[in-house]
Amino acid sequence: MAGELILIIEDNEKNRKLVRDLLQVKGHKTIECETAEEGLKLALEKSPALVLMDIQLPGMDGITALKQLRADPQTKSIPVIAITASAMTNNRQAMLAEGFDGYQSKPISLKDFLGEVQRVLESHNGPSTAL
Ligand code: MN
């Protein structure tokens, strides 16, 4: 499942670079922005296979942005993984309850992160037939 276009919405430059580098090593294409407002526009224009959504953003937060993606027929079925710095133990359940398809906490763990991206892409597209 390489070569998918993945939209990164993240205001922190270091996290953005880390996530971009990991995804590109895996053969994915990435586009990125620092605000939810810009992310909503890019999601409409580019129809990414997956969105990585930081929750704490300047302006609109990631949860509000998810609701807006889901409210638009053109973007409602794009899977979205929440990325949050908060260390609350029930964060995963809380984010899934909000309607996110996956969840990762910061700091990003390389193996967990790529596993979650793969899991969400496959559950959306069906398992890859490539060996
Ligand atoms: Mn942030």
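Analyst: We start with a definition: a salt bridge is a side-chain nitrogen of Lys or Arg within 4 Å of a carboxyl oxygen of Asp or Glu. A search of the whole structure on that basis finds 11 salt bridges. The model is predicted: local features need pLDDT of at least 70, side-chain atom pairs count only at pLDDT 80 or more, and totals for chains, interfaces and linings use all residues. Residues are numbered from 1 along each chain as its sequence is written, and side-chain values use heavy atoms, with hydrogens and water left out.

User: Why is the pair E32 and R16 called a salt bridge?

Analyst: The closest N and O atoms of E32 and R16 are 3.1 Å apart. The cut-off is 4 Å, so the pair qualifies. E32 sits in strand β2 (residues 29-33) and R16 in helix α1, 16 residues apart, so the pair links distant parts of the chain. Helices here are DSSP runs of H or I with at least four residues, strands are runs of E with at least two, and both are numbered from the N terminus.

User: What makes E32 partly exposed and R16 buried?

Analyst: Buried means under 20% relative accessible area, exposed over 50%, and partly exposed in between (1.4 Å probe, protein chains only). E32 has 25%, so it is partly exposed. R16 has 6%, so it is buried.

User: Which other residue does E32 pair with in a salt bridge, R20 at what N to O distance?

Analyst: The side chains of E32 and R20 meet at 2.7 Å, N to O.

User: Why is E4 said to have no salt bridge?

Analyst: The nearest side chain of opposite charge, K29, is 7.5 Å away. The cut-off is 4 Å, so no bridge is counted. Lys and Arg count as positive and Asp and Glu as negative, while His and the chain ends are not counted. In general, side chains of opposite charge can pair when their charged atoms come close. E4 is buried and is found in the segment before β1 (5-9).

User: Which residues is E4 in contact with, leaving aside its neighbours within four places in sequence?

Analyst: They are H28, K29, A49, L121 and N125. Contact means heavy atoms within 4.5 Å.

User: What makes the contact of α1 with α5 nonpolar by class?

Analyst: The axes of helix α1 (residues 13-25) and helix α5 (residues 110-125) come within 11 Å and cross at roughly 60°. The contact is made by V19, L22 and L23 of α1 and L110, F113, L114 and V117 of α5. By class that gives seven nonpolar, no polar and no charged residues. Ala, Val, Leu, Ile, Met, Phe, Trp, Tyr, Cys and Pro count as nonpolar, Asp, Glu, Lys and Arg as charged, and the others, Gly among them, as polar. Axes are lines fitted to C-alpha atoms, for helices over the stretch in contact, and angles run from 0 to 180 degrees between N-to-C directions.

User: Why is S47 called partly exposed, and G59 exposed?

Analyst: S47 has 49% relative accessibility, so it counts as partly exposed. G59 has 65%, so it counts as exposed. S47 is in the loop between α2 (36-46) and β3 (50-54). S47 also has a positive phi of about 45° although it is not a glycine. G59 is in the loop between β3 and α3 (62-71). G59 and T35 are 24 residues apart in sequence and 7.1 Å apart in space, C-alpha to C-alpha.

User: What makes the peptide bond from K106 to P107 cis?

Analyst: Its omega is near 0°. P107 is found in the loop between β5 (102-105) and α5.
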